[in-house]
Amino acid sequence: MAATFSAATAAHADTNLQGKSVCQAQVLVPAQLQASTEKLVTREASPDFTTTPVQMGYGEKKIKVADAYVEYEVIPATFKEVSEDVEVERERVEIENLPATYRTETKHFKVKEASMQWNPACPPVTGGTDIPPNCLLETPAEYQDITREVVEMPARTVKKTIPGKTKTITRKVLVEPAKVVRKEVPAVYETIQLSRVDQPAKVSSTPGQEQSQEVATQRKVQPERFISMPAVCEDSLDSAEISRIQQLLQQQGYYAGTPDGRLDVKTRTALTRFQQEHQLASGAVTLETLQKLKLQ
């Protein structure tokens, strides 16, 4: 875009610049800096102190830390164990009565003798005639079984010897009686070191040296300010012209991506970075920016 600009352009006045309108825009002019050097203190001055330590002297002193005393030690009695058998029940003779023992036996005992009786069915016998046998009836003897106890062994006495009993008893027998031993414990002393100050500590000082270096700085000689400056009216820019601006910014490393012909935040950010690094007013597509981009 080739364009010329004169002071006759007023604020917000449209001027046809090869078909493009030029507007007065409020822009931020960067501060003007001047290179200078400044002395910077890298180490402040501080006095250095030297300390001479205290010089001590030493001596010795013997101090009693425990008094002498007498202690008594009790040595207990000593014993030994002795085992012996003690008779706890004497030997004796006991007489035991053993009762008689019996056995049982059964005996067939006659309780009635056999006898002869007259048969009542027999007629009387007269004269010296013998008595016919059928006239006498014989009654047999009667027997009964009797059970009785018969002494098998008569009662008797038996002598029995019961042996004595003993028990083993263990007892302590005194071997040596207890005794008390007197022991004198001497006093205890401890040797300690005593210190004294032969020469007190002292401090001496020497002034320190300040260290500094020259630092390159940029001093602001004129602050940032807002001014009115001619700029292209953005509504008159078409996409081809915006793409051209994006391409030039891309060539110089300010715009990343593919030019798309849109005046968006990404494009404005790249344009502002370009203006700031070239000490140009920022805030609009100014004519001086176009001249710097060689579009004017």
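Is T51 buried or exposed? T51 is exposed, with a relative accessible area of 53%. The legends below describe close-up views of a predicted model.

View A. T51 counts as exposed because its relative accessible area of 53% lies over the 50% cut-off.

**View B. The disulfide between C23 and C233.** The structure has 1 disulfide. Its sulfur atoms, from C23 and C233, are 1.6 Å apart. The link of C23 and C233 is right-handed, with 95° about the S-S bond. C23 lies in strand β2 (residues 20-29) and C233 in the loop between β19 (225-232) and α1 (239-251), so the pair ties together parts that are 210 residues apart in sequence. A disulfide is a covalent bond between the sulfur atoms of two cysteines. C233 is buried, at a relative accessible area of 7%; the cut-off for this class is under 20%.

**View C. The salt bridge between E105 and R148.** The side chains of these two residues, E105 and R148, meet at 3.0 Å, N to O. This pair links distant parts of the chain, with E105 in strand β9 (residues 101-112) and R148 in strand β12 (residues 142-153), 43 residues apart. Both ends have some accessible area: E105 is partly exposed at 24% relative accessibility, and R148 is partly exposed at 41%.

**View D. R92, E94 and the salt-bridge network around them.** R92 forms a salt bridge with E94, and the closest N and O atoms of the pair are 2.9 Å apart. A network of salt bridges links E89, R92, E94 and K165. R92 is partly exposed, with a relative accessible area of 32%. E94 is also partly exposed, with a value of 36%. Over the whole structure, the search finds 12 salt bridges.

**View E. The salt bridge between K179 and E176.** In this pair, the closest N and O atoms of K179 and E176 are 3.6 Å apart. K179 is partly exposed, with a relative accessible area of 41%. E176 counts as partly exposed too, at 38% relative accessibility.

**View F. Q279, a residue with positive phi.** Phi of Q279 is near 55°, a positive value in a residue other than glycine. Q279 sits in the loop between α2 (265-277) and α3 (287-292). The relative accessible area of Q279 is 49%, and the residue is partly exposed.

**View G. K294, a residue with positive phi.** K294 is likewise a residue other than glycine with positive phi, here near 65°. K294 lies in the segment after α3. K294 is exposed, with a relative accessible area of 73%.

Conventions
Residues numbered from 1 in each chain as written. Predicted model: local features only at pLDDT ≥ 70, side-chain atom pairs only at ≥ 80, totals over all residues. Heavy atoms only, no water. Disulfide = S-S within 2.5 Å. Helix = DSSP H or I, 4+ residues; strand = E, 2+ residues; numbered from the N terminus. Buried < 20%, exposed > 50% of the residue type's maximum accessible area, 1.4 Å probe, protein only. Salt bridge = Lys/Arg side-chain N within 4 Å of Asp/Glu carboxyl O.
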